[in-house]
Every structure is written in structure tokens, then in C-alpha cells.
Amino acid sequence: MDIEMIRGIPIEEFLSRLGHEPVRRHGDECWYLSPCREERTPSFHVNTRKGVWHDFGTGHGGDIFTLAGELSGNGSFLAQARFIAGVYGGTVPEYAEKARVKERTRTAKRKEASRFEEVVRSPLSSEALLGYLKGRGIPAGIARANCEEVRFRLYGKRYFAVGFRNVSGGYELRSRFMKWCLPPKDISVIRNGSLTCNLFEGFIDYLSWMVLGISCGEDYLVLNSVALAERAFPYLDRYGKIRCYLDNDDAGKRTLAILRKRYGDRIDDCSDLYAGCKDLNEYLESNFPPG
């Protein structure tokens with residue numbers, strides 16, 4: 001997959017591959033719940049004719065490459081191209097970076113502007129963040145045992161969020177108002193010495209699984225994005241059984257198919273548990289509402 005092929009991918013198709021569908025359409029305009037933040041009112045706009053996006057919640061926007069940068073937390077043009085290609089199961093030739101010197105310069109400026117500064121990690125104690133998780137069915141005890149509180153400055157403003165650490169030292173960040181990643185973006189792994197691994201798409205689903213208490217003492221892997229599925233292979237290869245709790249959508253089904261192709265009957269699709277719900281967290285909220 002070369003750069004021009006990637007440039008020709010419609011943004012709405014790319015978002016659909018990642019499991020994001022528009023809340024409403026009007027002509028060339030599509031409105032989404034932001035894939036980059038947590039929100040309840042759609043403020044993420046895509047112009048399908050121009051092939052550009054704009055997130056009114058953060059003021060960011062651009063083409064498919066800048067969107068990949070937002071989603072992956074990586075400012076490198078080549079890394080952005082590889083992220084997109086990975087979603088489609090392809091690769092990007094090395095020469096692509098050399099062909100885009102001007103693009104690298106612009107990317108460097110964007111990276112500088114979007115740099116996380118004054119990052120402070122601490123035990124999760126904020127009542128606002130614990131209240132956000134409680135609203136999603138996650139009690140304070142489980143939240144504190146698995147997450148951290150991350151405070152930082154970005155775009156000149158100060159923020160704080162629930163942080164879930166990945167294997168590269170980055171964090172998935174969530175609050176009532178945001179869905180970001182503190183780079184580098186990667187998968188998260190929790191090992192307990194088991195030969196069975198429970199696989200989740202996002203860490204809120206992992207926390208929901210812990211609340212439901214389905215089993216204990218096994219290993220856990222959180223993709224943090226279905227686009228990172230292949231990155232999980234070196235970890236998953238060692239397991240005799242892989243239980244998948246992926247979203248009940250097209251992106252989840254495609255990811256399950258990729259895993260089945262590699263692991264065959266070692267894969268156990270557990271989505272029937274939350275049939276009729278988008279994911280495990282929705283099932284938790286619907287059947288065990290917080291008191």
C-alpha cells in the first residue's frame with residue numbers, strides 16, 4: 001500500500017474500519033461521537049467531499065494522516081501511514097518517508113503543538129474521575145487497583161484523566177470529556193502465569209470483566225485499538241486458549257476473523273455473553289446499574 005493509495009481512502013471508511021459510524025449525515029457532512037475523546041454529543045465532523053475532518057471539541061483537524069496521528073498518538077508521518085495501512089492489513093514502503101520531506105516538517109510542528117507537558121502520574125483519587133467510572137459501573141476499588149490518575153498540560157490547558165498503562169509506558173486516557181492517548185500507544189498486558197488469556201478491545205471492558213467476576217487468576221490483554229491486533233501476536237502465541245471479548249460491531253468481527261486465522265480453535269468468542277449490547281461495559285451498565 002503506497003502513500004497515494006492511503007491518501008485516497010475515504011475518512012469515513014477508515015473510521016468505520018475502526019468501529020466508528022456517523023451519528024447523523026447531511027449531504028457531504030457526517031457527524032460522529034469523537035473517536036479521540038469521550039463525549040455524548042457528536043462534535044467530530046467529516047466532510048466526505050473534501051476528505052477532511054475537524055474535532056470541534058479540541059479544535060484539531062486535517063486529513064486522514066493527521067487523524068491517524070490523533071488516534072495513534074504518533075506525530076511521525078511514516079508512523080501515521082503505517083497505522084492506516086495496518087488497519088487495512090498492508091504495509092508502507094520505506095521510501096515513502098523520503099518522498100515527504102515537507103510533510104515531515106509540518107508534522108513536527110503539529111507534534112510540538114500537541115506535546116504532553118508537565119505529566120504527573122499518581123494513585124487514582126480524584127472524586128470526579130472515580131465518579132465517572134462509577135457511572136460506567138466500575139467501583140472505586142477495582143478502578144484504583146488497575147488505573148492511575150494522570151495530570152498534564154496540553155495545548156496550553158491543564159487536564160486530568162483516568163490512565164491505563166500499556167507495555168510501552170504510554171497511557172490510555174479517559175474522563176467524562178476526553179478519550180486520548182499519552183504516547184506511545186500500545187497494547188496492555190497483565191500476566192498471572194496462566195495458559196489462558198482474556199482479550200479485550202478497551203480497558204473499560206477489561207474493568208467491566210473484573211466487576212462481573214467471570215473468573216480470576218488468568219492473563220489479560222487489552223488491545224487499546226483493534227488496529228493493534230497484530231502487535232498482540234508475540235504475546236498471544238504462547239496461550240492454549242484465548243477468550244475474546246470484542247465489540248459486537250464490524251470492527252470487532254474483523255478482528256476476531258484475523259485472530260481465528262492465526263489461532264484457529266484456540267480462539268473462544270465470548271461475545272454471546274453480551275449479545276444485544278455493543279460491548280461488555282454496555283452489558284454491565286444495562287444489567288447491573290450503579291447504585
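A strand, in this talk, is a DSSP run of E covering at least two residues, and strands are numbered from the N terminus. With that term in place, I can begin with strand β6, which spans residues 117-123 and contains E118. Please keep in mind throughout that the model is predicted.

Let me start with backbone geometry. Most residues other than glycine have a negative phi, and most peptide bonds are trans. E118 is not a glycine, yet its phi is positive, at about 50 degrees. Is E118 buried, exposed or partly exposed? Its relative accessibility is 44%, which makes E118 partly exposed, because burial requires a value under 20% and exposure one over 50%.

N224 is another non-glycine residue with a positive phi, here about 65 degrees. This residue belongs to the loop between β13 (219-222) and α10 (233-236). At 8% relative accessibility, N224 is counted as buried.

The peptide bond between P183 and P184 is cis, with omega about 0 degrees. P184 lies in the loop between β10 and β11 (188-190).

What caps the N-terminal end of α3? D63 does, through a side-chain oxygen placed 3.1 Å from the backbone nitrogen of F65. Just after the helix comes G73, with a positive phi of about 70 degrees.

Helix α4 is likewise mostly covered, with eight of its eleven residues buried. The buried residues of α4 include F77, Q80, I84 and V87. G89 follows α4 and has a positive phi, near 75 degrees.

Next, the aromatic rings. The structure holds 17 aromatic pairs. One of them is formed by F65 and F77, with 4.7 Å between the ring centres and 45 degrees between the planes, a tilted arrangement. This pair links distant parts of the chain, since F65 sits in α3 (residues 64-72) and F77 in α4 (residues 77-87), twelve residues apart. F65 is buried, at 1% relative accessibility, and F77 is buried as well, with a relative accessible area of 1%.

F152 is buried at 2% relative accessibility, whereas Y159, at 25%, is partly exposed.

Ring pairs also connect F164, F200, F203, Y206, W209, Y220 and Y245 into a cluster. Two arginines sit over rings. R151 lies over the face of F160, 4.5 Å from the ring centre, and the charged end of R238 is placed over Y239, 4.7 Å from the centre of that ring.

Let me move to the nonpolar interior. In soluble globular proteins, nonpolar side chains tend to be buried together. The largest nonpolar core here has 38 residues, and F14, I84, F152 and L173 touch the most other members. Helix α4 gives the largest share of this core, six residues. Apart from this core lies another of 25 residues, including L124, I138, V162 and Y274.

Beyond its neighbours within four places in sequence, its contacts include F116, V150, F152, V162, W180 and L182. As for the strands in this part of the chain, β9 (residues 171-174) and β10 (residues 179-182) run antiparallel and are joined by four bridges. A hairpin of four residues connects β9 to β10. Within this pairing, R174 has K179 of β10 as its bridge partner.

My last item is a polar residue. D55 is part of strand β4 (residues 52-55) and counts as buried, at 1% relative accessibility. Which side chain makes a polar contact with the side chain of D55? That of S34 does, at 2.8 Å. Leaving out residues up to four places away in sequence, D55 touches S34, C36, R37, S43, F44 and H60.

Conventions:
Residues numbered from 1 in each chain as written. Predicted model: local features only at pLDDT ≥ 70, side-chain atom pairs only at ≥ 80, totals over all residues. Heavy atoms only, no water. Phe/Tyr/Trp six-rings, centres within 6.5 Å; stacked < 30°, edge-to-face > 60°. Buried < 20%, exposed > 50% of the residue type's maximum accessible area, 1.4 Å probe, protein only. Lys NZ or Arg CZ within 6 Å of the ring centre and 35° of its normal. Pairing = 2+ DSSP bridges. Core = buried A, V, L, I, M, F, W, Y, C linked by side-chain atoms within 4.5 Å. Contact = heavy atoms within 4.5 Å. Polar contact = N/O pair within 3.5 Å; in protein donor to acceptor, adjacent residues only side chain to side chain.
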